[in-house]
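Please look through the sequence and the model shown here before reading on. The paragraphs that follow are meant to be read with both at hand.

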Amino acid sequence: MTLMPSTPFFAPAGGGTDPFFHIHTNPASDGFFLAFEMYTVWGGGWTGEMGTFPVTRTDPASSTGICPYFDPDGPGPLPVLGGDFATTGEITINQLDGAGYDIIVHSLLFSDGTTFGEFQMTG
């Protein structure tokens, strides 16, 4: 198992019209930025429950509202991937609540061709 130099940031869902969970790495110490915004109202495919879900967010009727972003050089000049709403993949949510998170990302494919294989994040 590989550990990152820092502990990822985690914020449980708050208020607002579409509460979302937020997990992200620390670009200053990790050297890259990987973030997951998980909206509980945006799509009909995921509303905060545990289980395995596709990563989709293009259509509010079928989207899961699980939104990954990746900046390969963190604070550097390369653009952030994922802002085009075209990222696909699959994620298993084992825990996501006020006490913490446990997610397994099975795959991610960004529109520029960048891919991630399986990894787990807990906190």
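This is a predicted model: local features need pLDDT of at least 70, side-chain atom pairs count only at pLDDT 80 or more; totals for chains, interfaces and linings use all residues.

Residues are numbered from 1 along each chain as its sequence is written, and side-chain values use heavy atoms, with hydrogens and water left out.

The protein chain holds 1 helix and 9 strands, where helices (H or I, at least four residues) and strands (E, at least two) are DSSP runs numbered from the N terminus. Read from the N terminus, the order of these elements is β-β-α-β-β-β-β-β-β-β. The radius of gyration, taken over C-alpha atoms, is 14 Å, which agrees with the value near 14 Å that a compact globule of 123 residues would have; the globule rule used here is 2.2 Å times the number of residues to the power 0.38. Along the principal axes, the C-alpha atoms fill a box of roughly 35 × 30 × 30 Å.

How much of the protein chain is buried? Buried residues make up 40% of the 123 residues, with buried meaning under 20% relative accessible area, exposed over 50%, and partly exposed in between (1.4 Å probe, protein chains only). The chain exposes about 6,100 Å², of which carbon and sulfur atoms supply 60%; accessible areas come from the Shrake-Rupley method with a 1.4 Å probe, and for residues only the protein chains shown count as cover. Of the contacts in the chain with a separation of 6 or more, 41% are between residues 24 or more positions apart, a contact being heavy atoms within 4.5 Å.

The largest nonpolar core has 21 residues, and those with the most contacts inside it are Phe36, Met38, Trp46, Ile66, Ile93, Leu96 and Ile103. The elements that give two or more residues to this core are E2, strand E3 (33-39), strand E4 (51-55), strand E5 (66-71), strand E6 (88-97) and strand E7 (100-109), and the largest share, 4 residues, comes from E7. A nonpolar core is here a set of buried Ala, Val, Leu, Ile, Met, Phe, Trp, Tyr and Cys residues joined through side-chain atoms within 4.5 Å. Leaving aside neighbours within four places in sequence, Trp46 is in contact with Phe21, Met38, Tyr39, Thr40, Phe53, Ser63, Thr64, Ile66, Ile93 and Leu96.

Strand pairing links several of these elements, two strands being paired if DSSP finds at least two bridges between them. E4 and E6 run antiparallel and are joined by 5 bridges, and Phe53 has Ile91 in E6 as its bridge partner. Ile91 in turn has Val105 in E7 as a bridge partner, within an antiparallel pairing of E6 and E7 that extends over 9 bridges. A hairpin joins E6 to E7 through 2 residues.

Thr25 counts as buried because its relative accessible area is 2%. Which backbone atoms does the side chain of Thr25 reach? A polar atom of this side chain lies 3.1 Å from the backbone oxygen of Phe32, and the side chain also reaches the backbone nitrogen of Leu34 at 2.9 Å. Beyond its neighbours within four places in sequence, Thr25 is in contact with Met4, Pro8, Asp30, Phe32, Phe33 and Leu34. His24, found in strand E2, is buried with a relative accessible area of 18%, and it touches Pro8, Phe9, Phe33, Leu34 and Ala35, residues up to four places away in sequence not being counted.

Pro19 lies in the loop between strand E1 (9-11) and E2 and is likewise buried, at 18% relative accessible area. Apart from neighbours within four places in sequence, its contacts are Ala13, Gly14, Met38, Tyr39, Thr40 and Val41.

The loop between E5 and E6 holds Gly76, which is partly exposed at 28% relative accessibility. The C-alpha atoms of Gly76 and Ala28 are 10.0 Å apart, although 48 residues separate the two along the chain. Phe85 lies in the loop between E5 and E6 as well and is partly exposed at 45% relative accessibility. Most residues other than glycine have a negative phi. Phe85, although not a glycine, has a positive phi of about 65°.

Key:
A polar contact is a pair of N or O atoms within 3.5 Å; within protein, one must be able to donate a hydrogen and the other to accept it, and residues adjacent in sequence count only if both atoms are side-chain atoms.
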